[in-house]
Amino acid sequence: MSGTPGEREESLDVIQRELSAFARRARAAAAQLHPELPLVSYTLLAHIDDQQGCRATDLAAHYMLDKSTVSRQIGTLEKLGLVERHPDPDDHRIQVLHPTEAGTQALAATQASRRAAYQERLADWTEDDLGRFAAYLLRYNATGDAPHA
C-alpha cells in the first residue's frame, strides 16, 4: 500500500462522502419511477425483473434484509401495480414474484433515464477510465456482503 496512514484516512473520508452522494442520486432516480417508491422497492423491482421472477425470501437473503422489510416493500409494489404473485410451477405452496407489464415498462423507462444521466455525467471519461471505474465498483460490491459495508 502506498501513501501515509493520514492519506489513506483522507481517501476513505472522500469515498464515504462520495458514495453517500451517489446513494442520494440513486434515491432520486427511484423517485422518478414513482414518487411513492423508495429506493429499496425500486431495487427489489429491478432484481425481480432481472431474475425473471423470484421469491420474497430470495430477495431478503440477497439484500440481507429482514423478511418483514421485504414484505412491506413487496406490498407497496403490489399496491402500485408493479409486481404480482404467481404460484411456483414446481410447488404451488410457494409464491413467485414477477413484475407486471406496468412494472416492466416503468422500470425500463427509469433505467433508460438513468443510463442517459450516466452517459451525460461520464461523457468526457475515456474507455479506460470507464473500465477501471466499472472494475472498481464490481470489486467493491463483491466484498460488500458484510452488514457494515
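## Positive surface patch

In this predicted model, Arg24, Arg25, Arg27 and Arg121 gather in a patch of positive charge on the surface. A patch of this kind is made of residues with over 30% relative accessible area and no salt bridge, and like charges are joined within 9 Å. A salt bridge is a side-chain nitrogen of Lys or Arg within 4 Å of a carboxyl oxygen of Asp or Glu. Lys and Arg count as positive and Asp and Glu as negative, while His and the chain ends are not counted. The place of a charge is taken as NZ of Lys, CZ of Arg, CG of Asp or CD of Glu.

Helix H1, residues 5–33, gives the most to the positive patch, with 3 residues. Arg25 is found in helix H1. With a relative accessible area of 39%, Arg25 is partly exposed; buried means under 20% relative accessible area, exposed over 50%, and partly exposed in between, with a 1.4 Å probe and protein chains only.

## Nonpolar surface patch

A nonpolar patch on the surface is formed by Leu12, Ile15, Leu19, Phe22, Tyr118 and Tyr140, with about 520 Å² of accessible area together. For such a patch, nonpolar side chains (Val, Leu, Ile, Met, Phe, Trp, Tyr) are joined within 5 Å. Accessible areas come from the Shrake-Rupley method with a 1.4 Å probe, and for residues only the protein chains shown count as cover.

H1 gives the most to the nonpolar patch, with 4 residues. Ile15 is found in helix H1 and is partly exposed, with a relative accessible area of 44%. Leu19 is also found in helix H1, and at 33% relative accessibility Leu19 counts as partly exposed. The C-alpha atoms of Leu19 and Tyr42 are separated by 18 Å, the two residues being 23 residues apart along the chain.

## Nonpolar core

The largest nonpolar core has 16 residues, of which Leu45, Ile48, Leu59, Ile74, Leu77, Val83 and Leu97 touch the most other members. The elements that give two or more residues to this core are H2, H3 and H4, and H2 gives the most, with 5 residues. A nonpolar core is a set of buried Ala, Val, Leu, Ile, Met, Phe, Trp, Tyr and Cys residues joined through side-chain atoms within 4.5 Å. In soluble globular proteins, nonpolar side chains tend to be buried together.

## Loop residues with positive phi

Gln52 has a positive phi of about 55° although it is not a glycine. Gln52 is found in the loop between helix H2 (39–51) and helix H3 (56–63), and counts as exposed at 67% relative accessibility.

Met64, likewise not a glycine, has a positive phi of about 55°. The loop between H3 and helix H4 (67–79) holds Met64, which counts as partly exposed at 46% relative accessibility.

## Overall architecture

The protein chain has 6 helices and 2 strands, and from the N terminus on its elements run α-α-α-α-β-β-α-α. Helices (H or I, at least four residues) and strands (E, at least two) are DSSP runs, numbered from the N terminus. Along its principal axes the C-alpha trace spans about 60 × 30 × 25 Å. Of the 149 residues of the protein chain, 23% count as buried.

## Basis of the values

Residues are numbered from 1 along each chain as its sequence is written, and side-chain values use heavy atoms, with hydrogens and water left out. In this predicted model, local features need pLDDT of at least 70 and side-chain atom pairs count only at pLDDT 80 or more, whereas totals for chains, interfaces and linings use all residues.
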